[in-house]
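Look at the structure, then read on.

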Amino acid sequence: MITAIYPGSFDPVTLGHLNIIKRAANAFDQVIVCVMVNSAKSGTFSPEERVDFLRRTIHLDNVEIDMHTGLLADYARKKGARVLVKGLRAVSDFEAEVQMAVVNSSLNPELDTMFFPSGQKYSYLSSTVVKELARYSANLTEVLPREIIEDVKMKMEIKRGECDGK
Ligand code: PNS
């Protein structure tokens, strides 16, 4: 039985993430999608909101949603997982992702990282781009799961109002 972890900020989950999750669910027996803290990013949605978005969006029998605030390598050990799944978009993702893979393997030698090339439609999609579109009330049906579009729009439009009002 192979358990894989797909870690990320998921702030919020996009159709690009969803594409990777479905492919990982086809490739491994069990997939744990784990909302983690990226210390380089401040975060728009709370970890609980991000988990809720993922739960409302993903309905696959072998996929579970979780969150963790410590090191990924320790979480993987606790879960008995030996595979990390990461999506690779443009070449610009490559260096940072390989660096993280090497660090995670040195912290937990049982652990290896497998990269999935992002779906062609999603090569330049990121949560940051989605939030920018939402801020200006653009159409989000091509970039976000329909279950969360209204919540993301509402939060980003409020944020825009706060900035404009200053
Ligand atoms: O979606 P992101 O922001 O690219 O995901 C990055 C994430 C959250 C997976 C990464 O920052 C992470 O693993 N954070 C947990 C802390 C950790 O284990 N850091 C060591 C890896 S260098």
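Of the 13 residues around the ligand, the nearest are Ser9, Val37, Asn38, Lys41 and Leu72. A residue is near a molecule if one of its heavy atoms lies within 4 Å of it. This is a predicted model: local features need pLDDT of at least 70, side-chain atom pairs count only at pLDDT 80 or more, and totals for chains, interfaces and linings use all residues. Residues are numbered from 1 along each chain as its sequence is written, and side-chain values use heavy atoms, with hydrogens and water left out.

By class, this shell has 7 nonpolar, 5 polar and 1 charged residues. Here Ala, Val, Leu, Ile, Met, Phe, Trp, Tyr, Cys and Pro count as nonpolar, Asp, Glu, Lys and Arg as charged, and the others, Gly among them, as polar.

## Close atom pairs

A polar side-chain atom of Asn38 is 2.8 Å from an oxygen atom of the ligand. A polar backbone atom of Leu72 also lies 2.8 Å from a ligand oxygen atom. For Val37, a polar backbone atom is 3.1 Å from a nitrogen atom of the ligand.

## Helix and strand

β1 (3–8) and α4 (94–107) each supply at least two residues of the shell. The largest share, 3 residues, comes from α4. Helices (H or I, at least four residues) and strands (E, at least two) are DSSP runs, numbered from the N terminus.

Definitions and conventions. A polar contact is a pair of N or O atoms within 3.5 Å; within protein, one must be able to donate a hydrogen and the other to accept it, and residues adjacent in sequence count only if both atoms are side-chain atoms.
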